[in-house]
Structure formats: C-alpha cells, structure tokens
Amino acid sequence: MAVTPITEKEALVFSKPTVEDGARMWELAKKLGLDLNSSYKYLMMAEYFSETCVVVKENDELVGFVTGFILPERQDTVFVWQVGVDGSQRGRGLASRMLNEMLERTACSEVQYLEATVTPSNDASQKLFRRLARKNDTACHVSECFSEDLFPGDQHEAELSFKIGPILREK
C-alpha cells in the first residue's frame, strides 16, 4: 500500500518494500558506498520485515530506503539497520521522512525507542538521528556499541549506538 505523495507535484511514493525491491535496495546501497550486506539480506528484509522497512520511488525508480526491525527482546524498540538516499534526492529531508513513515506504521504503534549504530565519521547519519530526537522533543543517548577491535581486519571503524526516545505519540 503506497502512501500518497505530500503534494500534487511531488512524484515521490513511500511504501513497504516488496521482495522485488530487494535487489534495487542492494544496488542503491552499493552505488552509495554504504556497508554492503549480501543481496540476500535486502531480499530478506523486504520479505520478512517489510512492516519496519520503507522504500521511496520516483517514477518507479527506487531513490531511498530504510531497513529496520523491532528488537525481539525489546518490543518497544525499532532498530534501524541502514538508511540510503540517492544523491539526486539529497537535501529534501527524505531520510527523516522515511523514518517518520516507519514510526507511524501500525507495526510500530508500541515503539517508544529508535536505535541505530553509526560510525564516528558518518556525520550525516549522526545529524539525522540527533534531528529526529529534537523534532520528537526527546533524548538522544550516544554510547560505544562495538569497538573497532571487535571487527575482523583493520577496515572498520567503531560503531556508536544512538538511542532515541522515549518517542511519545498522541493517543
């Protein structure tokens, strides 16, 4: 089920991913130079976690995605695994809009916290999550999640944990 574009002129359509979107999410992640997971991961997210994932298309071309899932041990928390926005869409607030779309879904009705991990050098993602906390008038706690010595080889930075919440909704 697609979300109606915000304005008549806007051609962006926000929706849950289908399994056919999995390959396009992988291709966009590769194009953007994100940490590239296997293509299977994107197919799996679209098939089994579509309620907590978002894709954005412009004229049927995938231009953005968010992958996430509700934590099995903490049903009040959604973990955002990856956010990708095509360069043609930068500066339009697309990442924030995708996160809000995800949080507004029925599957997230009991979610009070959003968590994500971000490398210290990823300023754009750090700003995205801090802005989400500000706009929801809530806290953003940052702590070390995975130190760089936990990763094999020497090619991966540490991952910082961003925990945003509580996210309050009008009842």
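This is a predicted model: local features need pLDDT of at least 70, side-chain atom pairs count only at pLDDT 80 or more; totals for chains, interfaces and linings use all residues.
Residues are numbered from 1 along each chain as its sequence is written, and side-chain values use heavy atoms, with hydrogens and water left out. Local features need pLDDT of at least 70, side-chain atom pairs count only at pLDDT 80 or more, and totals for chains, interfaces and linings use all residues.

The largest pocket has a volume of about 930 Å³. On a 1 Å grid over the protein atoms alone, a pocket is an open set of points where a 1.4 Å probe fits, with protein on both sides within 12 Å along at least five of seven lines, and lining residues have an atom within 4 Å of a point; the volume is the space filled by probe spheres set on the points, which are joined across faces, edges and corners. The lining comprises 34 residues, of which Leu 34, Val 83, Asn 122, Ala 124 and Ser 125 are the closest to the centre. At least two lining residues come from each of β4 (74-85), α3 (94-104), β5 (113-118) and α4 (123-135), and β4 supplies the largest share, 7 residues. Helices (H or I, at least four residues) and strands (E, at least two) are DSSP runs, numbered from the N terminus.

The whole structure contains 0 disulfides, a disulfide being a pair of cysteine sulfur atoms within 2.5 Å. Cys 53 is buried, at 0% relative accessibility, whereas Cys 145 is partly exposed at 33%; buried means under 20% relative accessible area, exposed over 50%, and partly exposed in between (1.4 Å probe, protein chains only).

There are 6 aromatic pairs. Rings of Phe, Tyr and Trp (its six-membered ring) pair if their centres lie within 6.5 Å; planes under 30 degrees apart count as stacked, over 60 as edge-to-face and the rest as tilted. Tyr 42 and Phe 65 are edge-to-face, 6.1 Å centre to centre with 90 degrees between the planes. This pair links helix α2 (residues 39-48) to strand β3 (residues 61-71), its members being 23 residues apart, and both residues are buried. Ring pairs also join Phe 49, Phe 69, Phe 79 and Trp 81 into a cluster. Over the ring of Trp 81 sits the charged end of Lys 41, 4.5 Å from the ring centre (the criterion is NZ of Lys or CZ of Arg within 6 Å of the ring centre and within 35 degrees of the ring normal).
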